[in-house]
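This report describes a protein chain through its secondary structure, its charged pairs and its helix contacts. Please keep the sequence and the model in view while reading.

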Amino acid sequence: MKDEWTEAHKPLYMISVAASLAGMHPQTLRVYEQRGLINPGRSDGNTRLYSQADIERLDLIAELTKEGINLAGVIRILDLMEHEEELEHEIEVLTKQLHHLKNTVRELQTQKKISALVPYEEQDVRNLFYSLVEKKIGE
C-alpha cells in the first residue's frame, strides 16, 4: 500500500500537462496553489511538477466547485477528508496495538495459570514450563 501511495504522489507532470489532464487552465492551477488547495512538487529548476494524486485532487476540486461550493468550502471539505484519513490510519494502528495487547494479556494469564500449578520457589517461567513438561513426560 505504501508503494501505491508513493507512486501516486510522484511528481510527473508539468503544469500544462496537469492542467490538460484536469481540464483546467494553467492559471487556475496557479491560483489553487496560492490558495493552498494544491501543493505541487518542484523540479531542481523550480518548475511545478504535479503527481497523479494532484490530478485526482484537482478533479475533486472541479467537481465540488461545479456543485456550487466556493473555494473556502472546498478547503474545508479537503481538510475534513484529510483528517478522516488520518483518523482511519490511527484507528488501524490502535487496532493492531489492541490485538497485540490482548495476545500479551492472554499469554500472561496462561503463564499465571501455569505458575499456580508449581511450587512457589520456582518463580522463573521457563523453569516452571520445563518442570511441568518433565512431570508430564515422567507420568
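From the N terminus on, the elements of the protein chain run α-α-α-β-β-α-α-α, which comes to six helices and two strands. Helices (H or I, at least four residues) and strands (E, at least two) are DSSP runs, numbered from the N terminus. This is a predicted model, in which local features need pLDDT of at least 70 and side-chain atom pairs count only at pLDDT 80 or more, while totals for chains, interfaces and linings use all residues. Residues are numbered from 1 along each chain as its sequence is written, and side-chain values use heavy atoms, with hydrogens and water left out.

Of the 139 residues of the protein chain, 21% count as buried; here buried means under 20% relative accessible area, exposed means over 50%, and partly exposed lies in between (1.4 Å probe, protein chains only). Among contacts, meaning heavy atoms within 4.5 Å, between residues at least 6 apart in sequence, 47% join residues at least 24 apart.

## Salt bridges

Side chains of opposite charge can pair when their charged atoms come close. The structure holds three salt bridges, a salt bridge being a side-chain nitrogen of Lys or Arg within 4 Å of a carboxyl oxygen of Asp or Glu.

| Residue | Partner | Closest N and O atoms |
|---|---|---|
| Glu-33 | Arg-42 | 2.9 Å |
| Arg-48 | Glu-33 | 2.4 Å |
| Arg-57 | Glu-82 | 2.8 Å |

Arg-57 counts as partly exposed at 22% relative accessibility, and Glu-82 is partly exposed with a relative accessible area of 35%. Salt bridges that share partners join Glu-33, Arg-42 and Arg-48 into one network.

Leaving aside neighbours within four places in sequence, Glu-33 is in contact with Ile-38, Pro-40, Arg-42, Arg-48 and Tyr-50.

## Helix packing

Two packed helices are described by the angle between their axes and the distance between the axes. The axes are lines fitted to C-alpha atoms, for helices over the stretch in contact, and angles run from 0 to 180 degrees between N-to-C directions. Angles under 35 degrees count as roughly parallel, over 145 as roughly antiparallel, 65 to 115 as roughly perpendicular and the rest as oblique.

Helix H2 (residues 15-22) packs with H3 at an angle of about 100°, their axes being 8 Å apart, and the two helices are therefore roughly perpendicular to each other. Ile-15, Ala-18 and Ala-19 of H2 make this contact with Pro-26, Leu-29 and Arg-30 of H3. By class, the contact of H2 with H3 has five nonpolar, no polar and one charged residues, where Ala, Val, Leu, Ile, Met, Phe, Trp, Tyr, Cys and Pro count as nonpolar, Asp, Glu, Lys and Arg as charged, and the others, Gly among them, as polar.

For H4 and H5 the angle is about 130° and the axes are 10 Å apart, which makes H4 oblique to H5. The contact involves Arg-57, Leu-60, Ile-61, Leu-64 and Thr-65 of H4, together with Leu-71, Val-74, Ile-77, Leu-78, Met-81 and Glu-82 of H5. The residues of this contact of H4 with H5 divide into eight nonpolar, one polar and two charged.

## The loop between the strands

Asn-46 lies in the loop between strand S1 (41-42) and S2, and its phi is near 70°, a positive value in a residue other than glycine. Most residues other than glycine have a negative phi.

Thr-47 is also found in the loop between S1 and S2 and counts as partly exposed, at 33% relative accessibility. Leaving aside neighbours within four places in sequence, Thr-47 is in contact with Met-14, Gly-41 and Arg-42. The C-alpha atoms of Thr-47 and Tyr-13, 34 residues apart along the chain, are separated by 10.0 Å.
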